[in-house]
Amino acid sequence: MNDCLFCKIVAKEIPAEIVYETGRTLAFRDINPQAPTHVLVVPKQHHADAAALASADDGLADDVLKTAHAIAVQEGVAPAGYRVVFNTGPAAGQTVFHVHAHVLGGRDLNWPPG
Ligand code: 5GP
Ligand code: ZN
């Protein structure tokens with residue numbers, strides 16, 4: 001996708017603090033962290049949101065989830081507790097339309113979120 005911010009990060013055209021990479025996923029720190037650990041996990045292949053990712057037929061959603069957990073271990077927030085969030089659609093606060101899992105941890109996380 002020509003105009004997609006996270007595709008540009010995947011292509012290393014825009015810098016990001018990359019913390020984990022697999023063949024099909026990339027994880028980098030959020031530029032505006034909301035917790036001591038706040039990492040975004042994206043599939044390298046462009047899908048707009050979690051609904052589109054769920055329709056990808058080759059286990060890509062599974063790869064994203066596995067990467068999210070690997071980051072939690074690497075960051076030391078598992079097993080104490082962490083949150084994996086897909087904001088899906090504008091009403092849920094999605095602002096970047098390349099699907100990404102937020103991995104949040106390192107502090108007490110309130111439930112329900114606002
Ligand atoms: P959303 O609101 O779509 O669920 O989350 C988008 C996230 O991307 C936000 O938490 C925001 O801080 C982060 N973000 C936006 N632009 C950039 C950027 O250029 N680099 C990085 N690392 N994160 C970004
Ligand atoms: Zn993209």
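Begin by selecting K12, which sits in the loop between helix 1 and strand 1 (18-21); helices (H or I, at least four residues) and strands (E, at least two) are DSSP runs, numbered from the N terminus. The model is predicted, so local features need pLDDT of at least 70 and side-chain atom pairs count only at pLDDT 80 or more, while totals for chains, interfaces and linings use all residues. Residues are numbered from 1 along each chain as its sequence is written, and chains are lettered from A and ligands numbered from 1 in the order in which they are written.

**K12 and its backbone**

The phi angle of K12 is near 65°, a positive value in a residue other than glycine. Most residues other than glycine have a negative phi, and most peptide bonds are trans. K12 is exposed, because 10 other C-beta atoms lie within 10 Å. The classes used here are buried for 20 or more other C-beta atoms within 10 Å of a residue's own, exposed for 12 or fewer, and partly exposed in between, with C-beta atoms placed from the backbone.

**The whole chain**

Along its principal axes, the C-alpha trace spans about 40 × 30 × 25 Å.

Of the 114 residues, 28% are buried. Among contacts between residues at least 6 apart in sequence, 56% join residues at least 24 apart; two residues are in contact if their C-beta atoms, placed from the backbone, lie within 7 Å.

Next select residues 5-114, where UniProt (unreviewed entry) places the feature "domain: HIT". UniProt positions are given in the numbering used here, feature names are shortened, and annotations may be inferred rather than shown by experiment. The end C-alpha atoms of this span lie 26 Å apart, and the span is 25% helix and 23% strand.

**H100**

Move to H100, which the UniProt annotation "active site" (unreviewed entry) covers. H100 lies in the loop between strand 4 (82-85) and strand 5 (101-105). With 26 other C-beta atoms within 10 Å, H100 is buried. Leaving aside neighbours within four places in sequence, H100 contacts F6, L40, V41 and V42. Show the C-alpha atoms of H100 and V41: they are 5.3 Å apart, although the two residues are separated by 59 residues along the chain.

Select A68 and, not counting residues up to four places away in sequence, it touches V41, V84, A101 and V103.

**Ligand 1**

Turn to ligand 1, which 13 residues surround, the closest being I31, N32, N87, T95 and V96. A residue is near a molecule if its C-beta atom, placed from the backbone, lies within 6 Å of it. The shell divides into 6 nonpolar, 5 polar and 2 charged residues. Here Ala, Val, Leu, Ile, Met, Phe, Trp, Tyr, Cys and Pro count as nonpolar, Asp, Glu, Lys and Arg as charged, and the others, Gly among them, as polar.

**A48**

Select A48 in the loop between strand 3 and helix 2. A48 is partly exposed, with 16 other C-beta atoms within 10 Å. Beyond its neighbours within four places in sequence, A48 is in contact with F97 and V99.

**Two cis peptide bonds**

Finish at the prolines. The peptide bond from A78 to P79 is cis, with omega near 10°, and P79 lies in the loop between helix 3 and strand 4. W111 and P112 are also joined by a cis peptide bond, with omega about 0°; P112 belongs to the segment after strand 5.
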